[in-house]
Amino acid sequence: MSDDSTLFESEKERLREALSEEPTNVAVVSEPFAGRETLVDTAVEELDTETRRTALSSVTEADALVADDAFADTEAVCVEGCEYLYTRRIDGFETLERFVEKVASSDATFVVSWNSYAWEYARRTTEVDAVFGEVVSLPTLDAETVADSLASEYDVSEFEDDLEELRQEGDRFVDRLPDRLRFGLEEKSDNVFERITALSGGNLGVARAVFESRLWKEGGEDDHTDLSYEDAFVLSVLVSKEAVGREVLETVVSPRSLETSLRKLSDAEFAELEGGDDIGGDRDGGRVSLRPERLVRAVTHLERRRLVW
Amino acid sequence: MVAVYRGAWLTAGLPEPSDVPPVELDVSTVVAALFVFAVAYVVARTASYGLTWLSEQTVERRITVKMFVPITKFVVYVVALYYVLGPVLDLSSTQILAFSGVLGAVLGLGIKDLFANIVGGVVIVFERPYRIGDMVELGDHYGEVTDIGIRSTKLTTLDDDLVTVPNYVFFTEPVSNSNAGEPEMMVVPEFYVAPDADIDRAVSVVRDALLTSRYVYLSDEHEVSVRVFDGRGYRKLRAKAYVNDVRNEGAFRTDVTRRVLEKFEEEGIESPDVAAAVLEDG
């Protein structure tokens, strides 16, 4: 069982400060799979009051949450999965705009968590950041932290030497470099944990997936992906939602067909139907999810095409 | 009495022909000069191909990298010319002076347009009114600059026509550059609705169509806006937004227009009566 409770101490401290004495609304923002829930757990502990906690997992749930007068008579509200508050289509911001209004007019303290790509998009379209006094972003992790976390969850005895090497090195010069340069260097390393850190972008959720799929053996992440612009756009929606109903994707890509894009994203190992079913199998429903181990490659591809900013 | 002949200014200050030692031109010198220019051509083409390939790897730095294509070509050809006039032909300073005088006369007599194009090309390379990859209006043509040569600039229009515009056009006509070296550019679609249409709803639809387009580029400096103009017999909605890549301009415009019109029809937001609007507008 994973234990992220010891990570992100300085971010937790910022969160505690924001919620103590005169509490302010806080947005917790991170890359997909990076562990936002850890900070929301901290917020719930810190609020020390009757807290309503909701984890959204679909657009329908988000609509229902905002339509319902769910925040009345509550002193504190924690909402996870805020990326489901909008859909990228005409009239797709109504739910988010009503949510922002409620946050602005409520006496309750709100702690919300957002996928960073969805957050960047939402704050540029609806100025959602105006109602959150504090924005806490989760940082990338260094190789030693990633290695220690993996060692606490998996059997890493075959990589004991690599683990020991990182622990003995202690404070490393490479960790003070900008992320892009650091990961570029670590990707070439012989140390398995450094390569996993590079392939995961210092993101623990992705690192777990990379470790489980032993992806570091494949080598570098050169982008030879042959995706059309439409396929890449569907991927950008997936990156910002992490998992989404097929019907939502259909409204976003309409009038183009979704099936070809999903097939190509599946073949390129970017996406899968939740539950591991064949992506072309259930055409009437199901949820499509982003494969965590491919997040870095997906984001690199989208940045090159300017589909994420 | 001193006889003054027409065009004497062209040769003023130049050495007398009898003072200029002849240039020794044999087959090997000509072959060497041709070889130098052939090598320069291959180097320029290879560098151009390599830089173009590199630039296409990312939208963000495409135009910045492509900026070096004409500069590289210019440097390569100048070096080649220097090498031919120097080590290959081994011209003395008197011969170079005489050569420049002959060149001046030739330009005056017939190839001044070509010279203007070359000077235009040099100015374009260094002053950079536009770069390869920019969307520009040159003369009567609008499109993406795909090459800046010594003599001309090539544009690919939105209809995929390749247009070659002489470089001297830069001196004689205004040049409109839509993105000035940036990968994004502003696109301004316009929509017309009937005077009694629900204008707030129409603005909301247009705004959402821009914000949710797959081609939009949003940042703190690149915002979306929709302005309303009240005409006689119609209302005009002028939208402004940035497309993420200049190459997606047409697709962005089409995507937004198609979805706006679809929504207007779905919600009964009517277009103006064109005939009435024209009559009222006089």
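The following dialogue examines how several terms apply to this predicted model.

Modeller: In this predicted model local features need pLDDT of at least 70, side-chain atom pairs count only at pLDDT 80 or more, and totals for chains, interfaces and linings use all residues. Residues are numbered from 1 along each chain as its sequence is written, chains are lettered from A and ligands numbered from 1 in the order in which they are written, and side-chain values use heavy atoms, without hydrogens and water.

Biologist: Why is the pair of A:Trp119 and A:Phe132 called edge-to-face?

Modeller: Rings of Phe, Tyr and Trp (its six-membered ring) pair if their centres lie within 6.5 Å; planes under 30 degrees apart count as stacked, over 60 as edge-to-face and the rest as tilted. The centres of A:Trp119 and A:Phe132 are 6.3 Å apart and the planes stand at 65°, so the pair is edge-to-face.

Biologist: What makes the pair of B:Phe170 and B:Phe171 tilted?

Modeller: The angle between the planes of B:Phe170 and B:Phe171 is 50°, with 5.4 Å from centre to centre; this angle falls in neither the stacked nor the edge-to-face range, therefore the pair is tilted.

Biologist: Why does B:Phe171 count as partly exposed?

Modeller: Buried means under 20% relative accessible area, exposed over 50%, partly exposed in between (1.4 Å probe, protein chains only). B:Phe171 has 46% and therefore counts as partly exposed, whereas B:Phe170, with 15%, is buried.

Biologist: How do you know that the charged end of A:Arg306 sits over the ring of B:Tyr217?

Modeller: The criterion requires NZ of Lys or CZ of Arg within 6 Å of the ring centre and within 35 degrees of the ring normal. A:Arg306 meets this criterion, at 4.2 Å from the ring centre of B:Tyr217.
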